[in-house]
Amino acid sequence: MKPALELRSRLLHATRTFFHDRGFLEVETPVRVRAPAIEAHIDAEPSGAHWLRTSPELHMKRLLAAGLENVFQLGPCFRRGERGDRHHPEYTMLEWYRARADYSDMLADTKALLAHLARAIGGTDAHRISYRNQPIELLPRWERITVREAFLRWAGWDPVAHWDEERFNLDLAEKVEPALPRDVPVVLTDYPAPAAALARRKPEDPAVAERWELYIGGLELANAYSELTDPAEQRVRFEEAIRARRARGKEVYPIDEAFMAALERLPPSGGIALGFDRLVMLFADAPTLDEVMAFREGE
Amino acid sequence: MYNATDLRKGLKILWEGQPYEITEFQFVKPGKGMAMYKCRIRHMLQGNTIEKTFREVDSFGKPDLESRELIFSYANGDQLVFSDPETYEEYLVDGEVLGRNKLLLADNMHVDVLFYNGKAVEVTLPIFVEKQIVETEPGFKGNTATNTYKPAKVEGGYEIQVPLFINQGDFVRIDTRTGEYADRVAKK
């Protein structure tokens, strides 16, 4: 317990140093919100007339719309019903956003952050780590593979050409994720547009969205976007997510109109959410998220 | 009825009309996708195990299961006869249901019998049973090494690996969950 918490503390410190040194502003946005981000498969925990945030995303983009350039936040997020080896209903998220940037810039940031953290806790040879007996070269090579390539190779079909949400999710969990290389970080990129969430479509190939996910040693660590800044398309996507939630009998949240208004002024931006507890798991070589938290649900 | 969110290790479910026990359970939720429940499930009648990923929308029946504490009476060929300690009602159980543990039964032993649709499908013995060693190579005096083992046979014909210091005539305790030697019982 103590070594994991010491490591966690050093990683928190090193993360803050990394962003402060690069001119990012550390911000804190509301934890209790009137309108959580609407996603088909993410459920918010109610808190009186509010909900607890599932991510600080909407408020952080409002800060960019208000003129801030580079912001980051480290803080708790809550997702109802998510409990497993790699999930806990309350967890710590690291999110950062940059005005006039896109998902490639977020990738460069993430690589620099990982290098900085490995040095901060590992010293020499810091980029060579081992997770669950799997040696990993954290740097310099990150393998980039598109969702289309990954599915064609390991699941035998193209989800960009023939979208099927159910099949996409099942094959991602059962065929694609287990097959991803584990000896180097893997960036799974360019998701089919229907799985874009809050990412913009790729200008030169609108069938895919500028979204990537980072996997290291089999752990899914981060999700990044070139942010969607088109209010009309954003409203359509929220409405689609609302319909999907209704169809599954799930609670429906109101659209955050303050966020919608801010979108009118949001510059082209890049954003990313990184599961901080999983990052600690990776560096601590811990098999479960529980092992890197000071307290578990109900303790 | 159970929902996918009720799934956990050890739960017994009715799926596609068949009774299964969940032997391994993992919650997964890749990316922004739907929640899924990766399970290994064991068919409670046939004993075979399969891997199955359930989705949030899946639901399951509750198998008609009933557990009774019974006493072992006697064996009648392949059939084992157990009786209720209060009503003396007798229950027949196929020897196959116990597997190798059948050899560890003793007269008047209290066991838990699990019935599915009225048919016995699982017999749980006490965690530890004491048995006398009836056959093994002689031990070496003073050798108390606990990491070197030799074969031995206990009363009833059950075969296990025991440490070198165990002798013929000794009593040992066997862990019925693993089927392995647990420790030596002080001389009686």
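Tutor: Welcome! Residues are numbered from 1 along each chain as its sequence is written, and chains are lettered from A in the order in which they are written. Since this is a predicted model, local features need pLDDT of at least 70 and side-chain atom pairs count only at pLDDT 80 or more, while totals for chains, interfaces and linings use all residues.

Student: Why are α4(A) and α5(A) called roughly perpendicular to each other?

Tutor: Helix α4 (residues 147-154) and helix α5 (residues 165-179) of chain A have axes that come within 10 Å and cross at roughly 95 degrees. Axes are lines fitted to C-alpha atoms, for helices over the stretch in contact, with angles from 0 to 180 degrees between N-to-C directions. Angles under 35 degrees count as roughly parallel, over 145 as roughly antiparallel, 65 to 115 as roughly perpendicular and the rest as oblique. The two helices are therefore roughly perpendicular.

Student: Which residues of α4(A) and α5(A) meet?

Tutor: A150(A), F151(A) and W154(A) in α4(A) meet D171(A), K175(A), V176(A) and A179(A) in α5(A); being in contact requires C-beta atoms, placed from the backbone, within 7 Å. By class, this contact has five nonpolar, no polar and two charged residues. Ala, Val, Leu, Ile, Met, Phe, Trp, Tyr, Cys and Pro count as nonpolar, Asp, Glu, Lys and Arg as charged, and the others, Gly among them, as polar.

Student: What makes V121(B) buried?

Tutor: A residue is buried if 20 or more other C-beta atoms lie within 10 Å of its own, exposed if 12 or fewer, and partly exposed in between. V121(B) has 20 C-beta neighbours inside 10 Å, so V121(B) counts as buried. V121(B) sits in strand β11 (residues 119-124) of chain B, and the residues that V121(B) touches, leaving out those up to four places away in sequence, include M44(B), V97(B) and F115(B).

Student: How do you know that F60(B) is buried?

Tutor: By counting again: F60(B) has 20 other C-beta atoms within 10 Å, so F60(B) is buried. F60(B) belongs to strand β6 (residues 59-60) of chain B. Beyond residues up to four places away in sequence, F60(B) touches M1(B), Y2(B), I13(B), L14(B) and W15(B).

Student: How do you know that β7(B) and β8(B) pair, and in which sense do they run?

Tutor: Strands pair if DSSP finds at least two bridges between them. Strand β7 (residues 65-76) of chain B is joined to β8(B) by five bridges, and the two run antiparallel. One bridge partner of Y74(B) lies in β8(B), namely V81(B). The strands form a hairpin with two residues between them, and G77(B) in the turn has a positive phi of about 65 degrees.

Student: What joins β8(B) to β9(B)?

Tutor: Five bridges, again with antiparallel strands; β9 covers residues 90-94 of chain B. There L80(B) stands opposite V93(B). This hairpin has six residues between the strands, and Y88(B) takes a positive phi near 65 degrees.

Student: Why are β2 and β3 of chain A called edge strands?

Tutor: Each of them, β2 (32-33) and β3 (46-47), pairs on one side only. The open sheet has three strands in the order β2-β4-β3, with antiparallel pairing. β2(A) and strand β4 (residues 50-52) of chain A share two bridges, which meets the requirement of at least two.

Notes:
Helix = DSSP H or I, 4+ residues; strand = E, 2+ residues; numbered from the N terminus. Contact = placed C-beta atoms within 7 Å.
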